[in-house]
Structures are given as structure tokens and as C-alpha cells.
Amino acid sequence: MSMLHKDATVSTTEDRKPLMIQDYNRNKGGVDCLDKLTGTYTCKRMTARWPVAVFHNILDVFACNAYVVWTAIDPTWNQGKCFKRRLFLAELGKALVTPLIQWRQHIPRTPASASLARSVQAPAAALAALPQKGQGQKRRRCEFCAPRDNKTSLRCCKFDRYVCKAHSDLSVKCHSCP
């Protein structure tokens, strides 16, 4: 169980516990402290795959170790602020992601893939001009199917009415739009 203890020696105190158990009890506080620290700010997510759970635990322990090393190197870092570990983790995350973001902005692209990337990174004003398909929006009754209960998430781009497929064209506008 332990490489430190080769034999099963027992203590001379009145409880007569093995030395291996006494050493464990003396040093188990470090594991409890690490579990408390990683539980406060963690990157763990629910997963059914154990390698992913192990990877999340490794990331948490690495981040905690990096914080301990950083505060040992620079004890005056963010001195007097609360939540120093949270601030450190936020800066660590940004520092890890920034090179990849910068690299992806300057990838050599073909003209077709460059235009696709520009359309994905289009400003919100250009996206607002597109017909609304109702992704994640509430579904309501079509305003032209009064007796029937046809629910739809398509809306007319001009009058902002809910219309079903039977009462709309391909550009998602109602029949009363010119």
C-alpha cells in the first residue's frame, strides 16, 4: 500500500496503530484541502465517459498547482483583492485561448472559405436583415389559419406576423405582403 513503509511496525502509543495509518492520518489534510479548492472553481461537467471526467480532474489540479506556484513567485500579485484564485483562473483561461484565437484569424484561406468565414463573422445588423426562421423562439398560431390550430415559428419579415408554410413564400412573408 505504501512504498515508504516496508514493514508493518506498530506505534508504541496506547492506540497501537500501524505507522502507515498514522502517516496517512497526519497528511490527509492536503488532499481534503485540494478537493475543497478544486470544488470551488471547477471545469467539471456531467459526462458518462470516465476519461473525460479524469481529464477534467487533471485540469482542475493543474490550475490549482499553477495558482500555488504563481503566488509563490509573485506574492504581491493582486494583493488586497478578494477572489484572487478566480481572477487567476480567468487570466489563465484567457492566456491559454488567446494564441489559438489569433492563429485562427490569420489562417491562409481559399476565397470560398474566406467568404464563408466573413459571413459567419458578419455584424448583427446584417443578420437582422435575414428572414427570421424562429430558432429558439416561441411558436404561435398562423394568423391566416384562424379555425385550425396551426402552430409555426415562421414570421413575415415585413409585418412580423406568424405564418405557416401554407400561407408563406420561400422568403417567409405572408400572402398580404406585396
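**First stop: Phe-88**

Select Phe-88 and skip its neighbours within four places in sequence: you'll find it in contact (heavy atoms within 4.5 Å) with Ala-63, Ala-66, Tyr-67, Trp-70 and Trp-77. Before going on, note that this is a predicted model: local features need pLDDT of at least 70, side-chain atom pairs count only at pLDDT 80 or more, and totals for chains, interfaces and linings use all residues. Residues are numbered from 1 along each chain as its sequence is written, and side-chain values use heavy atoms, with hydrogens and water left out.

Now select Ala-63, Tyr-67, Trp-77, Phe-88 and Leu-89: these five residues form the largest nonpolar core. That term covers buried Ala, Val, Leu, Ile, Met, Phe, Trp, Tyr and Cys residues joined through side-chain atoms within 4.5 Å. Buried is under 20% relative accessible area, exposed is over 50%, and partly exposed is in between (1.4 Å probe, protein chains only).

**Next: the salt bridges**

How many salt bridges are there to visit? There are two, counting a side-chain nitrogen of Lys or Arg within 4 Å of a carboxyl oxygen of Asp or Glu.

Pick Asp-23 and Arg-26 for one of them, where the closest N and O atoms are 2.7 Å apart. Asp-23 is buried at 18% relative accessibility, while Arg-26 is exposed at 56%.

Then jump to Glu-143 and Arg-161, whose side chains form a salt bridge at 3.9 Å, N to O. Glu-143 is partly exposed at 48%, and Arg-161 is partly exposed at 26%.
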